[in-house]
Each structure stands twice: as structure tokens, then as C-alpha cells.
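Visitor: Please show me the molecule, and then let us discuss it through questions and answers.

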Amino acid sequence: MRGAREIAEFILSHYTGRIIEIGIGHCVDVARLIPNLIATDIRPVSIDGVATVCDDIFNPAEEIYRGASLLYSIRPPLEVQIAMGDLALRIGADVLIRPMDDEIADLEGFSRELICRGEARFYLYRNRRCVDMAEGQHPESL
């Protein structure tokens with residue numbers, strides 16, 4: 001996949017701790033470049049060198065995602081993007097989407113930024129609650 005290296009480098013330079021790819025399917029180029037990644041898919045998937053978990057983003061087992069700093073997906077449909085945003089709000093994570101063409105969700109509770117790195121074009125959704133808390137505001141004041 002074009003831009004896989006640039007996406008992985010961006011993720012590794014901006015996020016620590018638990019990073020989770022949603023809906024990995026057969027596109028494993030980014031996942032293989034991120035150590036300690038957890039990849040999920042609705043169907044059982046086995047990928048050498050990548051920890052995979054069978055889970056449904058529309059009915060997620062939240063214990064898999066708790067503590068994640070980033071949820072990302074490569075070419076997810078709009079409904080998956082929206083489900084990722086809902087989950088990320090609950091667990092306090094950011095979302096990174098490499099969209100399929102112009103399928104770009106407007107995720108409530110996030111600020112969206114187009115990132116261009118080498119051959120990679122993707123959207124970073126920063127969780128506003130986490131940004132506000134980092135700046136000293138309490139969730140009650142949001």
C-alpha cells in the first residue's frame with residue numbers, strides 16, 4: 001500500500017501505549033510496521049507478527065480498547081468511522097482514518113485535520129475531551 005511507511009512513522013512519532021487497528025482484513029502493511037499493535041476484525045484473522053483479536057466495532061468488547069491512545073483504520077466505510085468515533089470518545093482515544101476516496105466522516109467530539117506525509121494522505125481526529133483535559137479543563141466543564 002502506498003504511504004504505509006509514512007502512516008506508521010506518524011503513528012509511532014505521536015502515540016505511545018496501546019494502538020489498535022480496526023478492521024485489518026488483508027491490508028497489513030501499516031500493522032506490520034508498528035510494534036505491539038493490536039489488530040481487530042469481525043472475522044478471525046491470522047497475521048504473522050501481528051496480535052489479532054476478533055471483535056465487532058458495532059458492538060465492541062470495550063476491555064480490548066481501554067487504555068488505547070489511538071484507534072486507526074485503512075479505508076473503512078463511513079459507518080465504521082462513526083462507530084470508531086463513538087468508541088474513541090468513550091475510551092479517550094484519538095482516531096486516524098485513511099479513507100477510501102472521499103468517504104470522510106464528521107465525528108462529533110473531535111477536531112479533524114488532513115495530514116499529508118510523503119505518499120500518505122489521512123485524517124487525524126483529535127479527541128477534544130482529551131485535548132481539553134490536557135490543557136487543565138475538567139470534563140464537567142465541556
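Predicted model: local features only at pLDDT ≥ 70, side-chain atom pairs only at ≥ 80, totals over all residues.

**Questions about the model**

Visitor: Is L124 buried or exposed?
Guide: The relative accessible area of L124 is 1%. With a 1.4 Å probe and protein chains only, a residue is called buried under 20%, exposed over 50%, and partly exposed in between. L124 therefore counts as buried.

Visitor: In which strand does L124 lie?
Guide: Helices (H or I, at least four residues) and strands (E, at least two) are DSSP runs, numbered from the N terminus. By this naming, L124 belongs to strand β7.

Visitor: How far apart in space are L124 and Y65?
Guide: Along the sequence, L124 and Y65 are 59 residues apart. From C-alpha to C-alpha, the separation in space is 18 Å.

Visitor: Over how many bridges do β6 and β7 pair?
Guide: Two strands pair if DSSP finds at least two bridges between them. Strand β7 covers residues 120-127, and its pairing with β6 is antiparallel. Within this pairing, S111 stands opposite R126 of β7. The number of bridges is 8.

Visitor: Which residue takes a positive phi in the hairpin of β6 and β7?
Guide: The hairpin has 2 residues between its strands. The phi in question is near 55°, and the residue that takes it is G118.

Visitor: What relative accessible area does L114 have?
Guide: L114 is placed in strand β6. Its C-alpha atom is separated by 17 Å from that of R5, 109 residues away along the chain. L114 counts as partly exposed, because its relative accessible area is 44%.

Visitor: How many salt bridges does the count come to?
Guide: A salt bridge is defined as a side-chain nitrogen of Lys or Arg within 4 Å of a carboxyl oxygen of Asp or Glu. By this rule, the number of salt bridges is 5.

Visitor: Which residues are linked in a network of salt bridges?
Guide: E6 and R5 form a salt bridge with the closest N and O atoms 3.4 Å apart. E9 also forms a salt bridge with R5, at 3.2 Å; E9 and R5 are 4 residues apart in helix α1, so about one helical turn separates them. E6 is buried at 13% relative accessible area, whereas R5 is partly exposed at 48%. The residues of the network are R5, E6 and E9.

Visitor: What phi does N36 have, although it is not a glycine?
Guide: Most residues other than glycine have a negative phi. N36 lies in the loop between β1 and β2 and is exposed, with 72% relative accessible area. Its phi is positive, at about 65°.

Visitor: What phi does R75 have?
Guide: R75 is in the loop between β4 (68-74) and α3 (78-91). At 36% relative accessibility, R75 counts as partly exposed. Although R75 is not a glycine, its phi is positive, at about 55°.

Visitor: How far apart are the C-alpha atoms of V28 and V50?
Guide: V28 is found in the loop between β1 (18-22) and β2 (38-41). At 10% relative accessibility, V28 counts as buried. V28 and V50 are 22 residues apart along the chain, and their C-alpha atoms are separated by 8.7 Å.

Notes. Residues numbered from 1 in each chain as written. Heavy atoms only, no water.
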